Structures are given as structure tokens and as C-alpha cells.
Amino acid sequence: MSWFDFLVRNRDEVLARTVEHIGLVAAAMAIALAIGLPLGVALVRRRNLQRWVLGIANVVQTIPSLALFGFLIPVPWIGGVGASTAIVALALYALLPILRNTCTGIMGVDAAVVESARAMGMTPRQVLWQVELPLAAPVLLAGIRVATVISIGVTTIAAAIGAGGLGVFIFRGVAMVNNKVILAGAIPAALLAVFADFALGLVQRRLASR
Amino acid sequence: MNPVSDAGEALEFSNVTFRLPSAVALLSNLNLAVARGETLILLGRSGSGKTTTLRLINRLLEPSEGEIFIAGRAARDWNPIQLRRGIGYVIQDAGLFPHWSVERNVALVPHLENWEPERIRARVKEMLDLVGLPPADFALRKPSELSGGQRQRVGVARALAADPPILLMDEPFGALDPVTRAELQREFRSLAARLKKTIVFVTHDVREALFLGTKIALLSQGRLVNIYSPEEFLRAAEPEARAFAASLQMANGEEAR
């Protein structure tokens with residue numbers, strides 16, 4: 001029996017785990033965006049604070065994912081075994097690329113254009129929404145793209161703390177020393193990452209060519 | 001809330017000093033008045049405080065000391081947003097919004113002021129015609145589809161769209177090739193004469209200053225050297241003015257050869 005036959009035979013569970021996987025990634029990305037975009041915007045004009053926050057986000061990024069999942073389990077409110085802990089850890093990983101690209105994207109907007117916008121009587125809010133964010137959009141989206149692809153990969157490890165997702169097959173396969181089972185988790189996860197990268201890449205190119 | 005009023009000068013600087021947070025003064029004790037309908041040139045070398053002076057008028061910068069009056073009223077009493085919508089602004093690279101069409105760029109201030117769409121459309125057409133860009137050809141283009149001279153024309157159209165009584169220009173023709181520059185200077189001079197705006201125009205090009213200005217304010221190291229009419233400028237005794245006049249003669253001498 002090839003890995004493909006295994007996949008077909010267990011398609012119901014593969015599908016369910018894939019949906020679970022997408023759900024974890026989507027929840028984590030929603031949190032990371034809800035925090036990262038406003039925080040990034042707020043940090044643009046606070047250079048010193050920006051260095052600190054990006055530094056901390058950078059350190060978080062260097063914590064091995066399995067360790068981060070483990071660290072979060074005993075934390076009250078968000079901790080425990082299961083999906084919510086995993087989502088918090090995934091959001092922390094996704095935060096850095098979103099934060100960094102929001103800052104660099106907005107700082108990269110042509111200063112002459114922003115000066116014109118202010119000098120013509122746009123309010124700070126109008127400058128942000130009508131000038132800075134649209135012009136920074138391709139860079140912002142590049143950050144979201146990286147964060148999404150990272151999340152899809154790291155989510156496979158979330159199975160270790162009982163969060164479900166395609167990682168369930170991988171851990172089961174490792175325990176059973178059975179490559180077919182590992183691949184039933186690894187291949188859909190890889191396809192998911194490739195697809196997300198491609199789709200967001202398309203959006204990014206469309207924004208950049210405007 | 002329109003910066004036009006019947007009283008006083010269009011613009012006045014009273015003992016204005018601007019310092020950086022590091023206490024370095026970019027502008028010291030500036031006293032200057034601009035009458036309505038006048039084109040005042042701020043002439044000076046790089047770092048003389050020309051652009052600083054300009055940016056103090058529309059409150060992109062705030063004076064450290066002294067007071068600026070616009071239409072007889074202290075600038076600090078104006079709401080900065082309202083003030084800026086009543087003052088046109090054109091800079092060297094035009095500063096057009098690259099993600100917007102020419103039409104949308106020109107419509108900026110009318111749009112911010114919530115004009116009726118019909119009125120905005122008519123005004124944009126009028127402005128593009130005024131600066132010599134047929135709307136049928138240019139309205140829907142992006143700034144990236146324009147030449148440098150055309151971009152600058154759009155910049156002027158955008159600045160004039162809401163019919164502001166005051167126009168600030170920071171080396172608007174500085175980055176253009178000499179032929180295009182001369183063409184825009186000629187057109188701008190007749191435009192300025194027709195529109196009767198109060199214009200403050202920054203340049204380091206003495207020819208441009210003499211050609212466009214009704215008055216020339218010479219700045220050096222953050223201080224006002226003097227204010228001249230174009231005729232007076234060439235006969236001025238101050239060494240800073242003579243240095244500029246000499247640069248002009250040198251250029252003329254080379255042409256004669």
C-alpha cells in the first residue's frame with residue numbers, strides 16, 4: 001500500500017485534520033493581524049520603542065516552536081493543553097513579520113508624497129488611510145504572506161500539545177515508525193503552504209502593479 | 001474660514017525664529033511682509049532657511065519665537081488643517097500620489113472639502129486646461145505615465161484646484177531640463193499675473209528669481225539680507241546679493257562667447 005492509497009483510504013480524517021489545521025492558522029493570523037497592524041502603525045513614529053518591540057518579537061521568533069508550546073501550557077488564562085494555547089503561540093510567531101513589514105512598509109513611502117498630503121490639508125488619519133497604507137500595501141502583504149506560510153508549517157507541531165491539525169498524522173507516524181502516516185500529514189500541510197504562498201503572491205503582485 | 005480678508009498684508013513674519021530641538025537656529029529674527037497678489041521669491045543658497053520659511057507658513061513647522069500672520073490673523077490661531085486647505089503647495093518632485101490618477105490627484109482638496117462630484121469634475125477639467133494638459137488625454141493617467149514637466153503641471157493644477165488665495169512653491173521647476181523649465185517658467189508667469197494669487201516661491205536660481213518675482217527676499221544663513229525689487233537686486237550693494245548677481249553675469253558671459 002503506497003502513501004497515496006493510505007491518504008485516500010483515510011480521506012475523511014485527512015480532510016477533518018486539514019480543516020482543523022486551516023482553522024488554527026486562520027485564528028492565529030487573525031490575532032496576529034489584529035495586534036500587529038495597529039501596533040506596527042503606532043510604532044512607525046516611535047523609533048526607540050520600535051527597536052525594542054521588534055527586538056522582543058525577534059527573540060520570540062528564535063524560541064524553538066516545540067519549546068514555546070510547552071512554555072505556554074502552564075500560563076494561566078491562555079495555557080493548558082489544546083487549541084487555544086497553540087493559537088497563542090502561533091500568533092506570537094506570526095507577529096514579527098507582520099510588525100516588521102508594517103513599519104518598514106510605511107516608513108518606505110516617499111517622504112515627498114507624505115509631505116504633500118499633509119501640506120494639502122489631509123488629517124493624520126486621512127494621510128494614513130488614503131496615502132500611507134495603500135502605498136505600503138505590497139510590503140504589508142509580503143509580511144502577511146511570510147507569516148501565513150510560517151504558521152502553516154509550525155501548526156504541524158501544535159499536535160504535540162493536543163491542538164489537532166495535520167501534525168496529528170506526523171506524530172502518530174513517528175511513533176509508529178510509519179512513513180505513510182507521516183506523509184499523510186506532511187504532504188497536505190506542504191500543499192497548503194504552497195497554495196497560500198501562491199495565492200497571497202498573486203494578490204501582492206496585483207497591489208504592486210497598481 | 002477662508003484666508004482672504006480685506007485687512008492687512010496677505011502674509012507677515014514678525015520676529016520669527018525657528019530652532020531645531022538641538023537649539024541650532026535655522027531661521028533667526030525674520031521680519032517679512034507679503035502684499036496680496038505679490039510673488040515673493042525666497043532666494044538663497046542651500047541651508048539659508050528658504051524652505052524652513054515656507055514650511056512655517058502652512059504650519060508644517062511651528063516657530064520657536066515670533067509670530068506669523070496670515071490674512072491678518074496669527075497662524076497659530078488657525079486650525080492647521082483648514083489653513084493648509086486654503087494654501088496651495090507645490091514641491092520639487094510634485095509629490096503626486098502615485099496610486100491615484102491625475103484626475104484624483106487634482107481633485108484632492110475639493111474632495112477633502114466635500115464638494116459636489118459634478119463640481120469637482122468640472123473644476124478638474126478647468127484646472128487641467130489651465131496648465132495645458134488636455135483632460136481627455138491626461139485625466140485618467142497615473143503619475144508614472146507622465147514626463148517630469150507634465151507631473152509638475154499636475155502639481156500646479158492640484159495646488160490651484162480649491163482656488164486658494166496663497167500659493168507656496170518650493171523649487172517647483174528645479175528638477176526639470178532647461179528647455180522644459182523655461183517653458184514652465186514662462187507659462188507660470190502669465191498664470192500668476194492672471195490669477196492674482198499671493199505666491200511665495202523658493203529658488204536658488206537667480207534667473208528664475210528675477211523672471212518670476214515681483215519682490216526678492218534674499219536669505220543667508222537663516223537671516224534676511226534684504227528685500228529687493230528685481231531691478232534693485234542687480235544694483236544691490238550687499239555682498240550676498242552681488243555674489244548672486246555675479247553668478248548671473250558669468251552665465252551670460254559664457255553665452256556670449
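**Helix 4 of chain A**

In this predicted model, helix 4 of chain A (residues 65-72) has Ser65(A), Leu68(A) and Phe69(A) buried. Viewed down the axis of helix 4 of chain A, its buried residues fall within an arc of 100°, so they line one face of the helix. Among the elements that cover the buried residues of helix 4 are helix 5 (83-107) and helix 7 of chain A.

**Contact between chains A and B**

Between the two chains, 14 residues of chain A are in contact with 15 residues of chain B. On the side of chain A that touches chain B, the elements giving two or more residues are helix 6 (111-119) and helix 7 (124-155) of chain A. Helix 6 of chain A gives the most, with six residues. By class, the residues on this side of chain A are eight nonpolar, three polar and three charged.

**Packing of helices 8 and 9 of chain A**

Two packed helices are described by the angle between their axes and the distance between the axes. For helix 8 (residues 167-176) and helix 9 (residues 179-208) of chain A, the angle is about 165° and the axes are 7 Å apart. Because angles over 145 degrees count as roughly antiparallel, helix 8 of chain A is roughly antiparallel to helix 9 of chain A. The crossing of helix 8 of chain A past helix 9 of chain A is left-handed.

Residues of helix 8 in this contact include Gly167(A), Phe169(A), Arg172(A) and Met176(A). On helix 9 of chain A, those met include Asn179(A), Ile182(A) and Ala186(A). The contact of helix 8 with helix 9 of chain A has nine nonpolar, four polar and one charged residues.

Conventions:
Residues are numbered from 1 along each chain as its sequence is written. Chains are lettered from A and ligands numbered from 1 in the order in which they are written. This is a predicted model: local features need pLDDT of at least 70, side-chain atom pairs count only at pLDDT 80 or more; totals for chains, interfaces and linings use all residues. Axes are lines fitted to C-alpha atoms, for helices over the stretch in contact, and angles run from 0 to 180 degrees between N-to-C directions. Helices (H or I, at least four residues) and strands (E, at least two) are DSSP runs, numbered from the N terminus. Angles under 35 degrees count as roughly parallel, over 145 as roughly antiparallel, 65 to 115 as roughly perpendicular and the rest as oblique. A crossing is left-handed if the near helix is turned anticlockwise from the far one by less than a right angle, and right-handed if clockwise. Two residues are in contact if their C-beta atoms, placed from the backbone, lie within 7 Å. Ala, Val, Leu, Ile, Met, Phe, Trp, Tyr, Cys and Pro count as nonpolar, Asp, Glu, Lys and Arg as charged, and the others, Gly among them, as polar. A residue is buried if 20 or more other C-beta atoms lie within 10 Å of its own, exposed if 12 or fewer, and partly exposed in between; C-beta atoms are placed from the backbone. The arc is that of the directions from the helix axis to the C-beta atoms.
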